[in-house]
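Hi everyone, thanks for coming.

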Amino acid sequence: MLKKVSKLPFQGTECQAQAFADVIAQYKSDPSQLMTVMQKAQQIYGYLPFEVQAMIADGMDVPLEKVYGVSTFYAQFALSPAGKHSISVCLGTACYVKGAQAILDRITELLGIGPGECTEDGLFSLDACRCIGACGLAPVMMIGEKVYGNLVPEQVEGILAAYRDQ
Amino acid sequence: MALTTVQLDDLRTHALAQMTPGRSGLAMRIVVGYATCGIAAGAKAVIESLRKELAVLGIDDVAVEETGCIGMCQYEPLVEVFAPDQPKITYVQMNAEKTARMVHSHVANGKVVAEYTIGAATGEAAQGEVLPLDSTAFYKKQQRVALRNCGVIDPERIEQYIARDGYQALKKALTELQPADVIQILKDSGLRGRGGGGFPTGLKWSFTAANAADQKYVVCNADEGDPGAFMDRSVLEGDPHAVVEAMTICGYATGASEGYVYVRAEYPIAVKHLETAIEQATALGLLGDDIFGSGFGFRLHIRLGAGAFVCGEETALMTSIEGKRGEPRPRPPYPAVKGLFGKPTTENNVETFANIPQIILHGARNFAATGTEKSKGTKVFALGGKITNTGLVEIPMGTTLREIIEDIGGGIPGGKKFKAAQTGGPSGGCIPESMIDTPIDYDNLTAIGSMMGSGGLIVMDEDNCMVDIARFFLDFTVDESCGKCSPCRIGTKRMMEILDKITAGKAVMEDLDKLEELAYHIKENSLCGLGQSAPNPVLATLRAFRDEYVAHVRDKRCPAGVCKALLNYYVIADKCRGCTACARACPVGAIRGKVKEVHDIDTDKCIKCGACMATCRFGAIEKR
Ligand SMILES: Cc1cc2nc3c(=O)[nH]c(=O)nc-3n(C[C@H](O)[C@H](O)[C@H](O)COP(=O)(O)O)c2cc1C
Ligand code: FES
């Protein structure tokens with residue numbers, strides 16, 4: 001899977017470093033928990049920049065190359081930060097046959113970004129995902145935790161505008 | 001505390017009384033569908049309103065509970081009311097206001113609000129009448145085995161599972177049966193794997209049991225990779241203890257003391273309910289050492305997937321549990337010999353496991369009474385796409401596709417014509433209209449060039465382009481190919497390029513032959529099931545809908561009007577009022593026309609963005 005790597009400088013807080021140290025302490029002894037550690041690190045930092053991957057490699061005592069290998073294999077691991085509002089359009093089969101591509105196209109048109117990208121102002125990031133389990137409401141998209149169902153392209157502009165004004 | 005068998009039975013009696021209205025001081029029991037679909041549709045507001053209104057009225061002998069997916073995703077949020085000596089009442093498409101009205105009328109005064117019930121929503125009940133859910137067309141032909149507790153119990157309360165005979169099968173296995181007996185029962189039942197392959201489960205268990213080792217494992221595949229399918233999620237969300245109990249039985253039968261459930265990280269509620277279930281079972285001694293004093297001990301762990309389709313393949317899944325890149329490896333050696341951490345391992349799908357407690361409890365004959373000659377029991381399908389009732393259906397094997405679509409599914413919305421149903425997701429194929437009366441079982445579906453798959457069933461109508469659908473699935477496999485073997489990594493990409501040419505109107509007829517040749521080559525030479533099945537959607541559509549491919553290639557036309565590059569926008573002269581709205585909306589100035597005169601689109605200039613069509617209030621623009 002091809003991934004976009006962020007060029008933004010990484011900056012972690014003291015609080016994040018503490019949470020990360022706790023995770024390492026908990027799982028250090030079991031190398032099979034590497035993915036769990038990476039998932040928790042992503043929860044803490046929001047994404048997995050190289051600096052964090054190096055910290056994981058150090059903490060778990062595995063080569064950095066292995067951490068990088070895992071991070072690029074699985075779709076869930078993000079190498080660049082998400083926007084303030086992350087938009088996720090479902091491109092599962094049920095949504096696709098009901099016109100999800102048109103929803104995605106409309107968002108791309110409005111925001112000027114494609115899947116895997118973030119707007120320059122850092123407000124929105126866009127992703128395509130596969131079935132969030134709300135096929136009954138297809139086509140579906142999520143902004144943050146909120147699910148929007150039974151969408152038509154004409155609705156998109158209004159929905160996004162509400163987030164802009166927040 | 002380790003529960004004894006007697007204590008389990010006592011707990012069952014007690015818990016059953018607790019959830020039965022009319023007993024234990026309970027006047028009514030109200031359950032709200034609180035799975036992913038219900039929450040997405042707004043179940044939270046409904047449950048809050050329920051609690052608030054009950055408090056306002058000072059009613060404290062009514063239980064309000066959250067439950068799993070009842071199956072009718074279309075009609076969420078769902079609320080069901082159980083009262084003594086009455087059939088349950090199913091309210092659909094609820095919101096806070098409707099809920100308040102229902103509480104004041106039904107709960108406080110015993111007057112059912114008929115217009116909010118399922119029969120009114122589907123139009124099956126006469127005005128003012130109430131139709132029990134079981135009598136609706138959607139439910140009548142279903143039979144619930146794997147889903148028997150989904151939408152019935154509160155999945156986060158072990159006592160409700162126990163009240164519905166939970167852990168009785170484990171008790172029976174550990175106290176009355178030898179491991180070999182358990183395996184024999186499964187063999188006799190004819191249960192086949194529900195994860196797609198359809199391998200006989202009893203036989204699989206017997207392979208692991210036959211291998212001596214210091215450590216063996218049980219693995220549950222809850223990766224559910226088929227995009228557009230959610231059977232396993234619903235079972236884990238709605239009845240997690242069934243999987244815990246079945247895996248423990250599997251451990252006993254095969255000689256394993258540890259189990260792993262590999263769940264997609266995209267299923268946070270399933271993970272949460274499973275964690276709760278494991279904690280509760282451990283607290284009662286239903287997991288851990290010396291279960292029921294039998295000397296047998298079993299422990300369960302959860303591992304989260306991270307979004308890789310190939311990890312649904314059994315060997316890749318085990319590599320992923322070990323914390324590595326989830327690449328498959330060649331078989332043999334099979335997992336029964338060398339599986340997780342190099343030890344003998346039994347791996348089954350969630351739905352397969354969910355059937356097992358019922359089989360142990362009620363016997364092989366009972367289970368095998370349903371189904372066809374070689375496919376026994378029921379199968380859960382996630383019904384979606386162009387169909388009136390989307391949701392989760394569990395049907396006896398041998399039901400025809402026509403019954404699923406027309407009776408259970410309520411047909412195609414908008415008076416459109418059925419074109420095909422897709423099963424098996426990216427590994428599967430499609431069933432065209434001519435095959436709609438085929439009884440569904442493993443062997444029949446394979447024979448008509450599709451496959452059972454894990455249970456995704458997507459209905460397509462005349463507006464769906466089959467070439468575009470084939471391209472959609474191939475795009476998925478290109479993205480998900482792990483890259484380890486070249487037929488899959490490179491081959492699928494080349495197929496994709498040909499499909500791109502076809503949908504862009506740049507292909508020649510020879511490309512169709514090339515596409516087919518390449519497809520067979522990939523099928524024969526790929527390392528794992530992903531590559532071996534990746535060409536299936538293309539081959540199946542080529543077989544059943546060759547005319548659509550030919551239309552794209554030779555006539556440069558997309559009959560369904562989907563492939564953008566092949567479409568042109570036209571003004572329908574009769575409908576155009578000359579309002580100029582479209583001309584103003586057109587970003588490239590391709591629309592000519594004066595006020596109050598019929599407009600015209602310059603197809604050479606047009607970039608096919610669709611803005612004119614979206615703007616026109618008179619439906620005067622068409623795509624063809
Ligand atoms: C590419 C690929 C993806 C698969 N995805 C799944 C899946 O998501 N869930 C599943 O249960 N089985 C999946 N399988 C099938 C598993 O390899 C395995 O056969 C199955 O889980 C065995 O369990 P069962 O015998 O109970 O069906 C997949 C197979 C392949 C080749
Ligand atoms: S396919 Fe989009 S929610 Fe299932």
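**Where the two chains meet**

Let's start with the area buried between chain B and chain A: about 3200 Å², with carbon and sulfur atoms giving 58% of that. On the chain B side, B:Ala306, B:Arg325 and B:Phe472 lose the most area to chain A, and together they make up 18% of what that side buries. If you wonder why I begin with an area, the size of an interface is often given as the accessible area lost when the parts come together. And please keep in mind that this is a predicted model.

How many residues are in contact here? We have 49 residues of chain B in contact with 36 residues of chain A.

I'll show you one of them: A:Arg130 pairs with B:Asp479, and their closest N and O atoms are 3.5 Å apart.

The largest share comes from H19(B), with 7 residues. If you sort that side of chain B by residue type, you get 25 nonpolar, 11 polar and 13 charged.

**How the chains are divided**

Okay, zoom out a bit. Chain A has domain 1 (14-73) and domain 2 (85-164). Their C-alpha centres lie 30 Å apart.

Chain B is divided into domain 1 (19-132), domain 2 (158-178 + 196-355), domain 3 (378-464), domain 4 (467-553) and domain 5 (568-623). Notice that domain 2 of chain B is written as two stretches, 158-178 and 196-355.

Let's look at domain 2 and domain 3 of chain B as a pair. Their C-alpha centres are 28 Å apart, and 12 residues of domain 2 of chain B are in contact with 18 residues of domain 3 of chain B. Together the two domains bury about 1100 Å², 64% of it on carbon and sulfur atoms.

How many salt bridges cross between these two domains? The rule finds 1. In chain B we also see B:Lys379 in a salt bridge with B:Glu351, where the closest N and O atoms are 2.6 Å apart. Domain 2 and domain 3 of chain B have 3 residue pairs in polar contact too, again with both residues at pLDDT 80 or more. On the domain 2 side of that contact, helix H11 (231-238) and helix H15 (350-362) of chain B each supply at least two residues. The residues of that side split into 5 nonpolar, 5 polar and 2 charged.

**The ligand**

Next up is ligand 1. There are 18 residues around ligand 1, and the ones that come nearest are B:Gly195, B:Gly225, B:Asn348, B:Asn349 and B:Thr352.

For B:Lys204, an N or O atom in the side chain is 3.0 Å from an oxygen atom of the ligand. And for B:Asn221, a polar side-chain atom lies 3.1 Å from a ligand oxygen atom.

**A few details of the backbone**

Two prolines deserve a quick look. The peptide bond from A:Ala138 to A:Pro139 is cis, with omega near -10°. You'll find A:Pro139 in the loop between strand S3 (124-129) and strand S4 (141-143) of chain A. Over in chain B, a cis peptide bond joins B:Arg331 and B:Pro332, with omega about -5°. B:Pro332 sits in the loop between H14 and strand S8 (345-349) of chain B.

Then there's B:Tyr167: its phi is near 65°, a positive value in a residue other than glycine. B:Tyr167 lies in the loop between helix H7 (158-163) and helix H8 (168-176) of chain B.

Over all chains, a search of the whole structure finds 42 salt bridges. Here's one from chain A: A:Arg106 with A:Glu109, closest N and O atoms 2.9 Å apart. How far apart are A:Arg106 and A:Glu109 along helix H6 (residues 100-111) of chain A? They are 3 residues apart in that helix, so about one helical turn separates them.

Definitions and conventions:
Residues are numbered from 1 along each chain as its sequence is written. Chains are lettered from A and ligands numbered from 1 in the order in which they are written. This is a predicted model: local features need pLDDT of at least 70, side-chain atom pairs count only at pLDDT 80 or more; totals for chains, interfaces and linings use all residues. Side-chain values use heavy atoms; hydrogens and water are left out. Domain bounds come from an automatic or database domain assignment. Contact means heavy atoms within 4.5 Å. Buried area is the accessible area (1.4 Å probe) that two parts lose on being put together, summed over both. A salt bridge is a side-chain nitrogen of Lys or Arg within 4 Å of a carboxyl oxygen of Asp or Glu. A polar contact is a pair of N or O atoms within 3.5 Å; within protein, one must be able to donate a hydrogen and the other to accept it, and residues adjacent in sequence count only if both atoms are side-chain atoms. Helices (H or I, at least four residues) and strands (E, at least two) are DSSP runs, numbered from the N terminus. Ala, Val, Leu, Ile, Met, Phe, Trp, Tyr, Cys and Pro count as nonpolar, Asp, Glu, Lys and Arg as charged, and the others, Gly among them, as polar. A residue is near a molecule or strand if one of its heavy atoms lies within 4 Å of it.
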